[in-house]
Amino acid sequence: MADFDHEQIDFLRERHVRFFQSCLHVLPERYAPHETSRLTIVFFALSGLDVLNALDLVDKPGLIEWIYSLQVLPTEDQSNLSRCGFRGSSHIGVPYNSSKGPGAPHTYDSGHVTMTYTGLACLLILGDDLRRVCREAVMSGLRALQLDDGSFYSVPEGSENDMRFVYCAACICFMLDDWSGMDRQRAIDYIWRSSSYDSGIGQGAGLESHGGSTFCAVASLCMMGKLQEVFSERELKRIRRWCILRQQTGFHGRPNKPVDTCYSFWVGATLELLDMFQYTDLEKNRNYILSTQDRLVGGFAKCPDSHPDLLHTYFGICGLSLIGEADLRKLHPALNISMRAFERLRQLQGVWREKTT
């Protein structure tokens, strides 16, 4: 691995803005298999532009209407409550219709826990007030996804169930200020059982510690306000140590794996939540992230001399935000949105609470 300690690399902001803009309008062919996750792809681009302070380039009203068109609403007889939430795109043939309410139900129509999280996040980023979100139906759909062991499926038909979807469920409850969508104690127990012998946290019980799942677990507990209850100070010190040891130049996600741009967020945000990020080598981390940027078309790759992609571009920008890169908005590390969007959420939640008192 090259030593980037003494190499000062410029951050090519305008190229990255154009990269995100292009992803919002015309995606490369290689993204076609991800059509079912289009809402998350839009989240990466939108949130990236927000952190870059470039949201004025976005058609906000048009995107808000498109996102609401992906909301799976209750039918008249409410027989589909367990399937409500946000779908990732109109891939199953549901027509684009954001204003006329639910039509005839589609046999396979259902929300997806990750798309519901990123859909709500996108609406907040765009300045929407979430008034058109059917919150009770979202909570019903979320409850239907939780398994007896505390984990979550992504869709009601069944799927993988692991820490990623626990995190998405926690984000949804946190944003809507309603924890009726999950049995928190079961989710906490799942997180606890997923702690590994080396003090990192895996996707589930008995699975290898991983930077991504450690973030999902710690961030979920922070949003629940339960981090200090679940882990003792001694255990938290061990988690901090496990995360600190993930840094070489940038960060990797598992021992003996190469450094990867996205872990500057996954591990970096975990250390920020654990009040330890300031003790990392910020210069090495910055220089590694910037060594992966494409100087021609913009964007970041997972490693130098690789092709940029949307996921690594977004998390590269987030990693730089955590470091304190000039001209980038600060990030809310647990919810993975800008502090500007998070403050907007807090204002909305204050209004909701006033109405219920």
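This is a predicted model: local features need pLDDT of at least 70, side-chain atom pairs count only at pLDDT 80 or more; totals for chains, interfaces and linings use all residues.
A cavity is a set of grid points where a 1.4 Å probe fits but cannot get out.

**Exercise 1. The cavity**

Find how many cavities of 30 Å³ or more the structure holds, and describe the lining of the largest cavity.

Solution. 
- Step 1. Rolling a probe the size of a water molecule over the atoms shows where empty space is left.
- Step 2. Searching the whole structure gives 1 cavity of 30 Å³ or more.
- Step 3. The largest cavity holds about 80 Å³ of space.
- Step 4. Its lining is made by 14 residues, and those nearest the centre are Cys 84, Thr 116, Gly 141, Leu 142 and Leu 145.
- Step 5. Two or more lining residues come from each of helix 4 (113–125) and helix 5 (135–143). Helix 5 gives the largest share, 3 residues.
- Step 6. Sorted by class, the lining has 7 nonpolar, 6 polar and 1 charged residues.

**Exercise 2. The largest pocket**

State which residues lie nearest the centre of the largest pocket and which elements line this pocket.

Solution. 
- Step 1. The largest pocket contains about 950 Å³ of space.
- Step 2. Of the 33 residues that line this pocket, Thr 40, Phe 44, Trp 266, Leu 311 and Phe 315 lie nearest its centre.
- Step 3. The elements giving two or more residues to this lining are helix 2, helix 4, helix 6 (163–176), helix 8, helix 11 and helix 13.
- Step 4. The classes in the lining are 17 nonpolar, 12 polar and 4 charged residues.
- Step 5. Take one of the central residues, Trp 266, which is found in helix 11. Leaving out residues up to four places away in sequence, Trp 266 touches Gly 211, Gly 212, Phe 215 and Phe 315.
- Step 6. Trp 266 and Ser 321 are 55 residues apart in sequence, and their C-alpha atoms are 13 Å apart in space.

**Exercise 3. Helix 1**

Check the span of helix 1 against 1.5 Å a residue, then locate its buried residues.

Solution. 
- Step 1. Helix 1 covers residues 13–25, which is 13 residues. The expected span is 1.5 Å times one less than the number of residues, so helix 1 should span 18 Å.
- Step 2. The C-alpha atoms at the ends of helix 1 are 19 Å apart, which agrees.
- Step 3. The buried residues of helix 1 are His 16, Val 17, Phe 19, Phe 20 and Cys 23.
- Step 4. Looking down the axis of helix 1, these buried residues fall within an arc of 160 degrees, so they line one face of the helix.
- Step 5. An α-helix has 3.6 residues a turn, so residues three or four places apart point the same way.
- Step 6. Among the elements that cover the buried residues of helix 1 are helix 2 (38–51) and helix 13 (310–323).

**Exercise 4. Helix 10**

Repeat the span check for helix 10, and say which residues are buried and which are exposed on the other side.

Solution. 
- Step 1. Helix 10 has 12 residues (233–244), so at 1.5 Å a residue its span should be 16 Å; the end C-alpha atoms are 16 Å apart, which agrees.
- Step 2. Buried in helix 10 are Leu 236, Ile 239, Arg 240, Trp 242 and Cys 243.
- Step 3. Down the axis of helix 10, the buried residues lie within an arc of 160 degrees, so they line one face.
- Step 4. Arg 234, Lys 237 and Arg 241, on the other side of helix 10, are exposed.
- Step 5. The cover over the buried residues of helix 10 includes helix 8 (211–224), helix 9 (227–230) and helix 11 (263–273).

**Exercise 5. Buried or partly exposed?**

Classify Ser 199, Ile 41 and Leu 245 by relative accessible area.

Solution. 
- Step 1. Buried means under 20%, exposed over 50%, and partly exposed in between.
- Step 2. Ser 199 lies in the loop between helix 7 (184–193) and helix 8. Its relative accessibility is 18%, so Ser 199 is buried. Apart from neighbours within four places in sequence, Ser 199 is in contact with Arg 238, Ile 239 and Trp 242.
- Step 3. Ile 41 is in helix 2, and at 10% Ile 41 is buried. Not counting residues up to four places away in sequence, Ile 41 touches Leu 27, Tyr 31, His 34 and Leu 310.
- Step 4. Leu 245 sits in the loop between helix 10 and helix 11. With 44%, Leu 245 is partly exposed.

Definitions and conventions:
Residues are numbered from 1 along each chain as its sequence is written. Side-chain values use heavy atoms; hydrogens and water are left out. Helices (H or I, at least four residues) and strands (E, at least two) are DSSP runs, numbered from the N terminus. Buried means under 20% relative accessible area, exposed over 50%, partly exposed in between (1.4 Å probe, protein chains only). The arc is that of the directions from the helix axis to the C-beta atoms. Contact means heavy atoms within 4.5 Å. On a 1 Å grid over the protein atoms alone, a cavity is a set of points where a 1.4 Å probe fits but cannot get out, and a pocket is an open set with protein on both sides within 12 Å along at least five of seven lines; lining residues have an atom within 4 Å of a point. Grid points are joined across faces, edges and corners, and a volume is the space filled by probe spheres set on the points. Ala, Val, Leu, Ile, Met, Phe, Trp, Tyr, Cys and Pro count as nonpolar, Asp, Glu, Lys and Arg as charged, and the others, Gly among them, as polar.
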